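Open the model in your viewer and keep the selection tool handy.

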Amino acid sequence: MRNRGAIILLSVLLAIISLYYLSFTFVVNKVEGDAEEYAQAYVDNGNYGNLTDAERNGLVDKQKKAYLDSIDNQVVWRYIKKYTYKDCKERELNLGLDLKGGMNISLEISAEDVLLSLTNNDSDPALLQAIENARKETANQTGTNFIETFGKAYKELQMENKPNLAVLFCTSQNTDKIKISSTDDEVIDYLTKEYDAAIGNAYDVINKRIDQFGVVQPNIQKDVAVKGVFHIELPGIKDPERVEKLLKQAAVLEFWETYNYDEIRTSLIAADQTISALKKAEASRNGNSAPATETEPANEVAEADTTAVADSTATEENVEENAEEANTDSEYSIFNRLLLQAGGHSIGGPVVGFAKKADMESIMADLNRNEVKPLFKSDLVFKWGFKEVKDAPGYYELIALKKSKDGKAALNGEVVTDARQEFGQTRATAEVTMAMNNTGSTQWARITKENIGRCIAIVLDDAVYSFPRVNDEIKGGRSQITGDFTLTEATDLANVLKAGKMTAPAIILSKEVVGPSLGQKAIDSGMYSFIIAFILVLIYMIFYYNKAGIVADVALICNLFLIFGVMASLGAVLTLPGIAGMVLTIGMSVDANVLIYERIREEMRAGKMIKAAVADGYKNAYSAILDSNITTILIGIVLAYFGVGPVRGFATTLIIGILTSLFTAIFITRLIFTSMLNKESKITLGNKMTNNAFTNLNFDFLKGSKIAFIISGTLIVVGIISLCTLGLKQGIDFTGGRNYVVKFENNVVPEEVANALEASYGERPVVKTFGDANQVKVTTQYKIDQIKDRAASEESDNLLYEGLKNGKFIPENVDKETFFSDYRQTSQIVGPTVADDIKTKSSVAILLGLVVMFLYILLRFRKWQYSLGATIALIHDVLITLGLFSLLYAIMPFNMEIDQAFIAAILTIVGYSINDTVVIFDRIREYTGLYPNRDRKSVINSAVNSTVGRTINTSMTTLVVLLAIFIFGGESIRGFCFALLIGVIVGTYSSIFIASPMAYIFGVGKKKEEKK
């Protein structure tokens, strides 16, 4: 075996890396297990016998959290270097919403903020009063349109000199939409459209940010009843504050010219004297001689590093001179709060002072006093730095900015076309590099040319991120945002800039931890069934291939180990669709081993010794293995790049699985066989029952395909009719539903609540833990087509009450009124999690994947007939699966809803079918080359017959896995497994009876026959 040493080295390195990343998951599980034991012992040993179950469990959770918080920064693992619990938590294998739960955040795009952003006078008394009146009127009314209420409130407002709305909202930027002569109704219509656009913009931007943040398969729903509200569920979140910041950020990027400190020093000192006099007068009137704010004086700032900021240095003479001129003797001086030095950094350049966070608001208020503003230049604007001053914790810089002629920033961020994080060439911190469009490049060149020797401030959401000094004119539109960023901060900033700005800021309404959507029992049973299935596959391989089966089993175990290890290293999230991808890769891994072993058997039947048979078996199997896997991985790459949500989750696991299965099936098994041969160990590839199984078959598959065409055609026609009439039973993911948050007196099991409500509603709702263990979130589709019908909503509410009461989750003496006031916390109507854009993008991704597959097969097999045959077979498989789901969903004893997991099931069917088809095509290609003078019908039949053993073995192992999960995996994933079972059976059938005959009909091998 060539390059044996390199393969051994690579195998060892992969094993070490996988073990390294998986070790964090093991450590976190152990630490959290210890925390659970500690919390239970704390409650058991305490005097808490009179607590209810809910109170007891709440106390256990509280103590567990306190325990984990206390060791957050303690070293809990030493592997190459020391890792704290927090470090390990950030590196553990993430589980999705369906398997572990995550974080639920409710966001609102405020109509008030949109109104204030659109007006040309946000301080107009009539405008503000109308907004206040509209706010009061809509405060407790669900579904009220704020913009329309504002219009009504403004019309009813009795104020002198009240301007028309057009006067308040007509600007130079919207003259194509409204004019100064527009009526109030026309302006309200314009504002409504702008608010709708802001909501649409926010939805798109939030989707992009979450996608770029690395969250796989989030749920994002629009609140149907409350306009502008989104409900977002994010899996695998370990830093909630970071997520909140990412979602709330408006991402308004601006480039400002700046003033130097020396240019405004005199005005600043004059402002200080005025502020001191005003505060002293206010204190005198109030009879209070104490200063309004107690802070450290300027000369008491703690010294740290004596190194000054590179482009913000002031001379000692300037500092001393300013200190003398400033009114620091006054107890009311602003310089008691706005310091001249901090952490070794001094004023200078655009930096005019340093302040504690607690003092920032009061300083800005003082500088913006009506009596103070005239002392400064009219184009001067003050803004704070976004980050604490290095070596001065808690202190922030105050930066002096200069307005352009139109009163705004010199350049806005809409010209930015791309942004990415990288490490600076001259510094050890991360930075963000931006690219601009042609318009931005031209303006940027002009701005930098006019400000050579001065600083340009880069401002995001009113916070100054950096203010680099311009050394020369910058052409080409490339620029950097620096600011001592960590890699995480730079990554988030780049992602926010790439996703684009939100036209209105998002407000966090609530946030909660949510439990897994599948329920813990379903997850446990699913995992047990997966383990059972995997063990059955291992046993089957040993039974069928004897010692070679043991070698294949080693490869399979290594494959699973590497899949989990690579997923952990990439920070990927494991979801139910991901497990579907894993099932497919197990099948493909087994398939690769089966292909190799069947080839070795053929060589041994031809009379070769075991060593030569192994070498030739691997050599002859490579073509089929590589073609089938490369075809599938190309589809996976397209799905990962263009797909979203469950499509990307599936594709990620699929790509990882194919790569690891190729490595283990080809290289790991070869290493073991080489070692066995070198030691002269006996290698067996079967037993008396299996050695000659499926050999010498001579079935006329092409003749049988005529019957197959009739069967398939009938199923497809019936299925299409059913799809057009009965349709599919769409799940909540596609339709939306009614959300209820219910709090009980004791802890509850979500699956038991779902069972009780299924009896009440007649359909099974989704129930998951929401926050504490005694609180659940219920989502039902009940009469969702009558979403605006109040009677339907009341009926749904009553069924919720009756179901929970009949299930004995609430006491018998609790009436409806008490239930709705004390137990039901919230009631919402939400839109689908799989939005139209996700459906469209997923469909486009699948179509592109099929195109790539078509082209690859055409390239490798040199005949379009192969590509067309494979494509027809795939369409056949998907149509039959969809048709059967449409026909059977009303009669099957388990749930057959179409949800996000079903998308993954369809993709799995596509992947499995194409793998099977390409393997058979590879043998047809080989046989047509070996026997050019034979009848092409007999050649194709012989080729298909020679692959029957491989087809049955691969299908059997995959079906064993799926059957075990289907039988033992629990109610909630049974429909998902049923789709996969149908797909594997239909995919195997179509590879033999549809794809191959189609290739024959369209003329594969025809030229050879004609030559004859």
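On this tour, a contact means heavy atoms within 4.5 Å. With that in mind, select Tyr597: leaving out residues up to four places away in sequence, Tyr597 touches Tyr545, Ala548, Gly549, Val551, Ala552, Phe673 and Leu685. Please remember as you look around that this is a predicted model.

**The whole protein**

Zoom out for a moment. The protein has 1012 residues, and 53% of them count as buried. Colour by secondary structure and you will have 31 helices and 24 strands on screen. Among contacts between residues at least 6 apart in sequence, 75% join residues at least 24 apart.

**The largest nonpolar core**

Which residues touch the most other members of the largest nonpolar core? Select Tyr597 again together with Phe673: these two do, in a core of 121 residues. Next, highlight helix α27, residues 900–930, which supplies the largest share of this core with 16 residues. As background, nonpolar side chains in soluble globular proteins tend to be buried together.

**Along helix α16**

Now select residues 547–570, which form helix α16, and find Asn559 within that helix. Is Asn559 buried or exposed? Its relative accessible area is 1%, and buried means under 20%, so Asn559 is buried. Show what surrounds the residue: apart from neighbours within four places in sequence, Asn559 is in contact with Thr585, Ser589, Gly657, Thr660, Ser661 and Thr664.

Stay in α16 and move to Leu562, which also belongs to this helix. Leu562 has a relative accessible area of 8%, so it is buried. Beyond residues up to four places away in sequence, Leu562 touches Leu14, Ala15, Ser18, Thr660, Phe663 and Thr664.

**Where α1 meets α16**

The axes of α1 and α16 come within 8 Å and cross at roughly 60°, so the two helices are oblique to each other. α1 passes α16 in a left-handed crossing. To see the contact itself, show side chains for Leu14, Ala15, Ser18, Leu19, Tyr21 and Leu22 of α1, and for Phe561, Leu562, Phe564, Gly565, Val566, Ala568 and Ser569 of α16.

Most residues other than glycine have a negative phi. Our last two stops depart from that pattern.

Select Asn546, in the loop between α15 (520–545) and α16. Asn546 has a positive phi of about 60° although it is not a glycine. With 29% relative accessibility, Asn546 counts as partly exposed.

Then jump to Phe694, in the loop between α19 (646–678) and α20 (701–725). What is the phi of Phe694? Phi here is positive, about 65°, and Phe694 is not a glycine either. The relative accessible area of Phe694 is 33%, so this residue is partly exposed.

Key. Residues numbered from 1 in each chain as written. Predicted model: local features only at pLDDT ≥ 70, side-chain atom pairs only at ≥ 80, totals over all residues. Heavy atoms only, no water. Core = buried A, V, L, I, M, F, W, Y, C linked by side-chain atoms within 4.5 Å. Buried < 20%, exposed > 50% of the residue type's maximum accessible area, 1.4 Å probe, protein only. Helix = DSSP H or I, 4+ residues; strand = E, 2+ residues; numbered from the N terminus. Axes fitted to C-alpha atoms, helices over the stretch in contact; angles between N-to-C directions. Parallel < 35°, antiparallel > 145°, perpendicular 65-115°, else oblique. Left-handed = near helix turned anticlockwise from the far one by under 90°.
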